[in-house]
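Okay, thanks for coming, everyone. Let me put the structure up and walk you through a few spots.

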Amino acid sequence: MLEISEDGRTWVLSGPASSYAVHVTDRDELLHLHWGPRIGLADAEALAVRPLPDYWPFESPLDGREEYPVEGGPRFVRPALSVRTPERRGTEWAYEGHDTGDGELRLRFRDGDLAITLHYRMRSSADVVERWVTLDNRGPSVEVLRADSATWTLPDRDTWRLSQLHGRWGAESRLERSALTHGEKVVGSRRGHTGHQHLPWVALDTDATEEHGEVYGCALGWSGSWRIAVAQLPDARVQITGGAGYDDSGLLMLGTGESYTSPVFAGLWTDGGFGGASRAWHAYQRAHVIPDADRDRPVLFNSWEATEFDISEEQQRALAERAAAMGVELFVVDDGWFGARTSDRAGLGDWTPNPDRFPGGLKPLADHVHGLGMQFGIWVEPEMVNPDSDLYRAHPDWVQYQSGRKRTEFRNQLVLNLAREDVQEYLWQQLDGLLSSAPIDYVKWDFNRCFTDAGWPDDPYPQRLWVDHVHALYALLDRLRAAHPGVAFESCSGGGGRIDLGVLGRTDQVWTSDNTDPLDRLAIQHGFSQIHPARVMAAWVTDSPNAMLNQRASSLRFRFVSAMAGVLGVGGDLTKWTEEELAEARDWVALYKEIRPVVQRGDQYRLRPPEGGLSAVQYALGDETVVLAWLQAQRYGEPVPALRLRGLDPTASYECLKTGEVHRGAVLLHRGLRVGLCGDLDAVVVRLKRK
């Protein structure tokens, strides 16, 4: 809902439980009024007439109160907008008016020939405020050093606590909470993609718990380099500014008649604690971000850990037959099916099946997989090229590089300059032809190295490739989805290196981490769930001991229950599994299919965090509830504590649905659950249904 004052200078956007209000003064100062519990227009107008503080000239009354600080004038905070022309720097804008339409509020400003529009959208079903900025240049060229999507202003509080998700390859999405102190806390990526080191999300609270207290959260929808700065200003006010690009060395050059639209920077307020915030984010993404979110994702098998690069059609057929017998619904051929790809040293860029390994192309294998009752998928890494490839030999100038400098190779590969139109057209022809050549249902789209030599020697403004690469990626995905609407896409970047609201708007799921150790995954998945839903979180059951990272042994039960917390997949070498293991796996896959709608579409409650001892998560959808619990460690024979369930009707009765041995050790208590975990029973799945 949007309310507008009679003079057209105060606006209130409201969702089910919260409101967001801004005001333009007679001096064309755009001030933030309110973000929090729901208010009406009269409340906002009362806030609008409050005078700004009268500071000494060493401070600015606008700082910490302006809705979108620009560079220039009486401001000292970090600017959200910084532009340059040959004649001047900074912005001195004037308010031109507002308009509405398509569910948006648009506030229009102008600085000479540069038109600046601030966009707001708050859907009636969600308390998420979407904000972004559009720049339109109607005069000579303007260099845009910085054009952040939004600045968020928090209300006055004595203290704030900052939550963020940090990590590295193999250890992504780990939750960290710390006191916010004066100054700035900056997180982001200067790597050309979202990055393993930080997810573009922050949350602030004062004393919230998992289910109670105010939480303010912000999430950026951008899959390239990005920056979010959280600043506690000298008067203790807090602002959060974020957008595309990490540094201020140049974002793009706007020529005459050109425009730029920033990514969405979304914000959420709730008084339902961290769990309430997560459920609100999840519901928003399922309703407004993720494609076809009402369709549950299938159980998949991926061949990578079974075969790595040593693959053949015959071998893949054998794996597919074992996977189908287990109940798998999607069979995925990973790296090694194309070009001269017998190792990571060759083949990237040549997206045609290897004639020695697949003499008839991919269609005979895809047809065989379909005949087994499964969908068929493949792995690609289109944004990369090996120097040892036909593509690179034909077009060495198509990669990012700096003139006179060595071309850095990570994983023996270079980054294609996707900002080039000829590269975009080549990839379209290759991928469209590939998806048309065989009945392919799924594409795992990988990105296995960061930008290092981000140069474009022939372009007058080579810095633009940082932004244009991402726009070209989005356009290519959009074009492929439109041409092949039955194909699902997964975003992967060496694990969780490209996960954000931007790529989630174009893909069906994401690869959470290359770390498939089920114990490590509990912490990774706990952090991931702070912002993103189980519906997009791919998780695999792989072999034990875990060969990739730590050689830790774990039971098949623990591995399955860990992976069942998201989109279940299997990645082990099925030819080495015993008949007993295959039979047990069939039971787990069958159980997952029963609980899948609740896990992928239900409200999630984090009952106990993975901090040692018992860890548990609950999902609720309609009359059904699913609880997954893991016993990580038990000392001195201490009993496992009861789990207090959430989201149930306290006046109703619930029955525990039995599914053989899988439910052994679970006893339903009044509004709670006692799980008897010990010995070989280190994980449990419990299904409850309202009577």
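Let's start with helix α4 (residues 313–326) and helix α5 (residues 363–371): their axes come within 10 Å and cross at roughly 10°. That makes α4 roughly parallel to α5, where roughly parallel means under 35 degrees. For the bookkeeping, helices are DSSP runs of H or I with at least four residues, numbered from the N terminus. The axes are lines fitted to C-alpha atoms over the stretch in contact, and angles run from 0 to 180 degrees between N-to-C directions.

Before I go on: this is a predicted model, so local features need pLDDT of at least 70, side-chain atom pairs count only at pLDDT 80 or more, and totals for chains, interfaces and linings use all residues. Residues are numbered from 1 along each chain as its sequence is written, and side-chain values use heavy atoms, leaving out hydrogens and water.

Back to our pair. Who's touching whom? On the α4 side you've got E313, Q316, R317, A320 and E321, and they meet P364, L365, H368 and V369 of α5. Contact here means heavy atoms within 4.5 Å. Sorted by class, that α4 and α5 contact has 4 nonpolar, 2 polar and 3 charged residues. Asp, Glu, Lys and Arg are the charged ones; Ala, Val, Leu, Ile, Met, Phe, Trp, Tyr, Cys and Pro are nonpolar; the others, Gly among them, are polar.

Next pair: helix α10 (residues 518–528) and helix α11 (residues 556–563) pack at about 20°, axes 9 Å apart. They're therefore roughly parallel too, but α10 passes α11 in a left-handed crossing. P518, L519, R521, L522 and Q525 of α10 make the contact with F558, R559 and S562 of α11. By class, that's 4 nonpolar, 2 polar and 2 charged residues.

Now, R286, over in helix α2 (residues 273–288). Is R286 buried or exposed? Buried, at 17% relative accessible area; the cut-offs are under 20% for buried, over 50% for exposed and partly exposed in between, with a 1.4 Å probe and protein chains only. Skipping residues up to four places away in sequence, R286 touches A293, P533, Q600, R601, G602 and D603.

Last up, cysteines. How many disulfides? The count is 0, using cysteine sulfur atoms within 2.5 Å as the rule. Take C450: the closest cysteine sulfur, in C492, is 13 Å from its own, too far for a bond. C450 is buried at 16% relative accessibility, and C218 is buried at 1%.

Conventions:
Helices (H or I, at least four residues) and strands (E, at least two) are DSSP runs, numbered from the N terminus. Angles under 35 degrees count as roughly parallel, over 145 as roughly antiparallel, 65 to 115 as roughly perpendicular and the rest as oblique. A crossing is left-handed if the near helix is turned anticlockwise from the far one by less than a right angle, and right-handed if clockwise.
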